[in-house]
Amino acid sequence: MSLFKKLFPLFVVLLVLFLDQGLKIWVKTSFHLGENIFDFGLLRLDFVENPGMAFGFSFGNLYGKYLLSLFRIGAVFAIGWYLIKLIRNNTHVVFVGCISLIFAGALGNILDSVFYGLIFDKGTVWNPVVGVWDYYNGDGVAKLDFNGYAGVLEGCVVDMIHFKFNWPEWAPFNLGGKEVFPPVFNIADFAISLSVGVIVVFYKKIVRDEDVNFKTLFKFNKNNS
């Protein structure tokens, strides 16, 4: 196995994590929650915090968030294990790159959930009194001071990328004037979506039968170790 094939997945993961976490920390420590950072028409940067799944989809109350975070952590370990097996199995470099993007994206959002409640002084938390997710400790820009505003697994994912364009007024099904794609997302979400799209489009060219045959893929092969 070439050195490039060994280091390429690591490079992809580190690059995505650097861009994703760098942008999230900059947004959270520089702007108010709900603030529009810039507006280029179709592309906006809007600071929101998401307690739930990708693209702004919520997952109920605090206990739902615990379950989602634990599921995400389990998924990250599973994807990481799968990625290592693919690398050892000399899988097509494009497919390895796609799985690396999925792993990095999942890990990027996990870091928010696990650590952001511990390292920032304010953020969105569950308010049991009114039964909604509220911005904790009032308004203002968050500080990276490690004082913490919530416990482990209670941090919220920072989202900011917003493609804003509306359906034409004549659109059917009462869609006229409404946003075509309202969710706000981040680089980690984009990495996952991009990789899934590439896999779907180029599946026959980059994926072999043995790459998705888990019974044989996870057998220890000394020749590929």
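Is Lys 164 buried, partly exposed or exposed, and at what relative accessibility? Lys 164 counts as partly exposed, at 32% relative accessibility (buried is under 20% relative accessible area, exposed is over 50%, and partly exposed is in between, with a 1.4 Å probe and protein chains only).

A note for all views: this is a predicted model, where local features need pLDDT of at least 70, side-chain atom pairs count only at pLDDT 80 or more, and totals for chains, interfaces and linings use all residues. Residues are numbered from 1 along each chain as its sequence is written, and side-chain values use heavy atoms, with hydrogens and water left out.

**View 1. Glu 179 pairs up with Lys 164 in a salt bridge.** The closest N and O atoms are 3.4 Å apart (a salt bridge is a side-chain nitrogen of Lys or Arg within 4 Å of a carboxyl oxygen of Asp or Glu). Both residues sit in the loop between β5 (157–163) and α4 (187–206), so the pair ties together parts that are 15 residues apart in sequence. Helices (H or I, at least four residues) and strands (E, at least two) are DSSP runs, numbered from the N terminus. Glu 179 is partly exposed too, with a relative accessible area of 24%.

**View 2. Here is the salt bridge between Lys 24 and Asp 112.** Their closest N and O atoms are 3.0 Å apart. Lys 24 belongs to helix α1 (residues 3–30) and Asp 112 to helix α3 (residues 93–119), so this pair links parts that are 88 residues apart in sequence. Lys 24 is buried at a relative accessible area of 0%, and Asp 112 is buried at 0%. Asp 20 comes in as well: salt bridges with shared partners join Asp 20, Lys 24 and Asp 112 into one network.

**View 3. Arg 44 meets Asp 39 in a salt bridge.** The N to O distance is 2.9 Å. Arg 44 counts as buried at 17% relative accessibility, while Asp 39 counts as partly exposed at 41%. By the same rule, the count comes to nine salt bridges.

**View 4. Helix α4 has a kink of about 55°, centred on Val 200.** That bend is the angle between axes fitted to the seven residues ending there and the seven starting there. End C-alpha to end C-alpha, α4 spans only 24 Å, whereas a straight helix of 20 residues would span 28 Å at 1.5 Å a residue (the expected span is 1.5 Å times one less than the number of residues). Among the buried residues of α4 are Ala 188, Ser 195 and Ile 206.
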